Amino acid sequence: MSAVSDKVIAISKTYLGPATESFLARQCKGHLKVELANLTAANIKDLAKWVQEGAGLIMDADKASQLASRISSVT
Amino acid sequence: MKATIRNKLVAGFSGVLLLMAAVAAIGGYAVFSLRHDANDATRVGARLNSLALEIQVHDLEASRRVKSYLAEAAAPSGEKKRQMYLDEATFEINEIQSLAAKAMAIAPTPQTRAKFTKITEASTQFGRSLATAVAANKAGPDSENAKAATAAYEDAAEDLHDSAEDGEVVGHDASQTSLEAIDRTSSRSVALVIGISTLGLLLGITVSYMLARAILIPVDHLKQVAENVSLGNLDMAVRRYSDDEIGDLADSFSRMVTAVKFFRMEAELSQSEAEAAVHEVKP
């Protein structure tokens, strides 16, 4: 697993708990067409956008926005 | 320091304990102060009363000695006896002055001191008048001069007697005043202890209320969320009320609810996809 993937998973864990990896895998595969394990810094901006959208369906908008913002700061 | 429930409880109860300690210390100080004031006031009042009574006794003794002296003054013999009466009267006057000086030293107010100063002055005048009367009576007991000197002595004796009586009244008043001082200190101490205790009680109630609110409101909210989730309603937002253990619990709960929502959504999606695939296979 790439370092970027590890950082994204670590950040998301505090918001999504046991659903983290399934949620991120769905965003990566469905929207970015990459595996979660192979994320790079170039994917971060798009991932943050899709995470905000997807997370908005299962948590309140503020938290989803906060999660996306934290993911977008990953380098 | 993080405002955890443990820290809030420790701070709240430490505050209440400190307050109780302050109440105990003030109460102890008030009792000690009351006892000290009471001892002082009682000692001074009783001593002044006793000195005033002693002065009266010496005044009566001095007058009795002088009366005996004057009764013997006309007698041709008995010089030695007369001198003895005179010495004893002088001794009594000195005693009165010594006792009055002691009373002035401990008198609690200027008014009290003035009464005993008057006794000193009256006894001095008594001594002078006595000396003049003795000299005049030696020269001729029946002379006009002796009669005038004896009358002046009697006035001085009367004045000393009145002053001694005033002194006794002042001594009695000092005792009474000491009792009033004890009453005043007692009332002040009781009011102080009641005031501080009431303040302690109010603060204790406020701290308990705030602690109860800080714990009960977030716990009640979490209970409502748990009930909703258990009934299948996953849409209720989990609020983090405070940055403490209950706040951390709310975060954990929020994560769990989010994960359950996601898994449910994923299951529904998988089911839809499966159903679509079945429709495609069976046209």
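This is a predicted model: local features need pLDDT of at least 70, side-chain atom pairs count only at pLDDT 80 or more; totals for chains, interfaces and linings use all residues.
## A walk through the charged pairs of chain B

At 9% relative accessibility, Arg82(B) counts as buried, because buried means under 20% relative accessible area. The side chain of Arg82(B) meets that of Glu79(B) in a salt bridge, with 2.7 Å from N to O. Glu79(B) itself is partly exposed, with a relative accessible area of 39%. Both residues belong to helix 2 (residues 79–106) of chain B, and because they are three residues apart there, about one helical turn separates them.

Let's step back to see the chain that holds this pair. Chain B has five helices and zero strands, so its pattern along the sequence reads α-α-α-α-α. It has 283 residues, of which 30% count as buried. Looking at contacts in chain B between residues at least 6 apart in sequence, we find that 73% join residues at least 24 apart.

Now back to the charges. Side chains of opposite charge can pair when their charged atoms come close. Over all chains, the structure holds 10 salt bridges. One of them involves Glu266(B) and Arg26(A), whose side chains meet at 3.6 Å, N to O. This pair crosses between chains: Glu266(B) sits in helix 5 (residues 245–281) of chain B, while Arg26(A) sits in helix 2 (residues 20–32) of chain A. With a relative accessibility of 31%, Arg26(A) counts as partly exposed.

Another salt bridge links Arg240(B) with Asp248(B), and their closest N and O atoms are 3.4 Å apart. Arg240(B) counts as partly exposed at 34% relative accessibility, and Asp248(B) is likewise partly exposed at 34%. Elsewhere, salt bridges that share partners join Glu61(B), Arg64(B), Arg65(B) and Glu88(B) into one network.

Glu154(B), Asp155(B), Glu158(B), Asp159(B), Asp162(B) and Glu165(B) form a negative surface patch. Where does Glu158(B) lie? You will find Glu158(B) in helix 4 (residues 144–230) of chain B. Its relative accessibility is 46%, so Glu158(B) counts as partly exposed.

How values were computed:
Residues are numbered from 1 along each chain as its sequence is written. Chains are lettered from A and ligands numbered from 1 in the order in which they are written. Side-chain values use heavy atoms; hydrogens and water are left out. Patches are made of residues with over 30% relative accessible area and no salt bridge: like charges are joined within 9 Å, nonpolar side chains (Val, Leu, Ile, Met, Phe, Trp, Tyr) within 5 Å. Accessible areas come from the Shrake-Rupley method with a 1.4 Å probe; for residues, only the protein chains shown count as cover. A salt bridge is a side-chain nitrogen of Lys or Arg within 4 Å of a carboxyl oxygen of Asp or Glu. Lys and Arg count as positive and Asp and Glu as negative; His and the chain ends are not counted. The place of a charge is taken as NZ of Lys, CZ of Arg, CG of Asp or CD of Glu. Helices (H or I, at least four residues) and strands (E, at least two) are DSSP runs, numbered from the N terminus. Buried means under 20% relative accessible area, exposed over 50%, partly exposed in between (1.4 Å probe, protein chains only). Contact means heavy atoms within 4.5 Å.
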